[in-house]
Amino acid sequence: MSEPLVLGIETSCDETGIGIVRGRTLLSNTIASSMDEHARYGGVVPEVAARAHLEALQPAIDAALAEAGVRLDQLDAVAVTSGPGLAGALMVGVGAAKGLAVSLDKPLYAVNHLVGHIAADILTPESEPLEYPTIALLVSGGHTSLLHVRDLTTDVELLGETVDDAAGEAFDKVARLLSLPYPGGPEIDRAAVGGDPEAIRFPRGLSRASDLAKHRYDFSFSGLKTAVARWVERFEAEAAAAGDEAPALPIADVAASFREAVVDVLVTKALAACADLGVPRLLLGGGVIANRRLREVALARAAEAGVTVRIPPLSLCTDNGAMIAALAAELISSGRPPSTLAFGADSTLPV
Ligand code: KG4
Ligand code: ZN
């Protein structure tokens with residue numbers, strides 16, 4: 001099968017993503033997000049996400065088929081994210097995919113969400129095909145991972161990941177601390193306009209020489225979040241003591257300095273992996289890639305290091321079903337047999 005027609009289902013977090021591809025061609029990419037329902041909690045609530053997937057799946061499948069101009073019986077295969085992600089949310093997608101594949105009598109491919117993010121790059125028609133090896137930095141509200149991709153379908157190695165909060169989660173938590181709404185990433189970006197990124201030196205997690213031995217490619221953002229909280233508390237205590245003369249919280253400087261700490265550590269570690277492994281290519285993915293400062297710093301520092309950077313369009317960087325379908329299409333083309341129905345949702349699925 002040279003150009004398989006695949007429908008991909010993605011429900012690992014709060015986006016219900018249905019995508020349809022024919023080989024490397026994107027036919028539709030439908031996304032229903034339950035983000036608004038999570039906003040009042042300041043973060044994704046697993047039970048709310050799972051229920052929202054249940055409600056959104058069928059309409060999203062119908063919309064994706066209509067957009068692609070494809071009927072269910074024309075599909076060559078169904079693909080689904082089986083992990084990693086939120087267990088209940090994954091289960092909804094896996095159940096739906098199994099039901100669909102069995103009722104249509106089509107092969108079913110269970111794929112890894114992180115490898116799916118890398119596959120998003122395939123659907124960017126204007127660029128050259130992904131070259132191997134490449135380093136991939138995936139940053140979202142749910143993950144912060146650095147991978148060594150020697151071959152998309154056979155050889156992807158996890159180099160490191162966050163040991164606590166994901167980078168997007170850090171943006172969301174710091175936004176909350178600054179009384180900004182959820183999701184925090186875009187809000188911090190807005191608040192940082194005109195701010196001085198050097199105003200406050202916030203810590204770069206797992207970057208000391210003593211950390212690097214064991215955690216060279218790992219990330220940590222919870223200490224940074226605490227440092228921002230302490231800084232704001234101290235400022236407010238001093239302001240309260242100063243009474244009427246007190247200055248207002250320099251929110252632009254805090255936001256810009258926090259963002260700089262996150263961006264600096266992400267880019268430094270990704271480029272360290274490129275240098276250590278002699279890989280002059282870096283692929284970026286995940287919702288945090290929407291951050292303009294991250295893209296700017298990554299592009300500038302990579303250019304200095306002789307590393308080329310690839311960034312798929314944002315609609316393919318955030319969680320989506322098209323990347324899942326694209327990965328399955330590659331697996332099919334490479335001769336991989338389908339998954340048996342024995343697989344289940346696996347919240348900690350390794351790459
Ligand atoms: O990939 P994504 O859409 O979905 C999940 O992680 O489920 O990523 C969402 C995350 C949120 O944490 C959000 O705050 C963050 O990406 N984000 C950003 C920006 N836009 C979204 N973080 C930093 N800067 C942004 N401009
Ligand atoms: Zn993701």
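First, the ground rules. This is a predicted model, where local features need pLDDT of at least 70, side-chain atom pairs count only at pLDDT 80 or more, and totals for chains, interfaces and linings use all residues. Residues are numbered from 1 along each chain as its sequence is written, while chains are lettered from A and ligands numbered from 1 in the order in which they are written.

Helices (H or I, at least four residues) and strands (E, at least two) are DSSP runs, numbered from the N terminus.

Start with the sheet. It is open, has five strands, and its order is E3-E2-E1-E4-E5. The pairing is mixed; strands pair if DSSP finds at least two bridges between them. Strand E3 (25-33) and strand E5 (108-112) are the edges. E2 (residues 15-22) pairs with E3 in the antiparallel sense, over eight bridges. Gly 17 stands opposite Ile 31 in E3.

Now the helices on the sheet. H2 (residues 46-68) lies across E1, E2 and E3, at about 25° to E2. H3 (residues 87-104) lies across E1, E4 and E5, at about 160° to E4. Angles run from 0 to 180 degrees between N-to-C directions, with axes fitted to C-alpha atoms, for helices over the stretch in contact. Contact means C-beta atoms, placed from the backbone, within 7 Å.

Last, the helix pair. How do H9 and H10 pack? H9 (residues 251-277) and H10 (residues 292-305) pack at about 35°, axes 10 Å apart. Among the contact residues are Leu 266 of H9 and Val 297 of H10.

Conventions:
Two residues are in contact if their C-beta atoms, placed from the backbone, lie within 7 Å.
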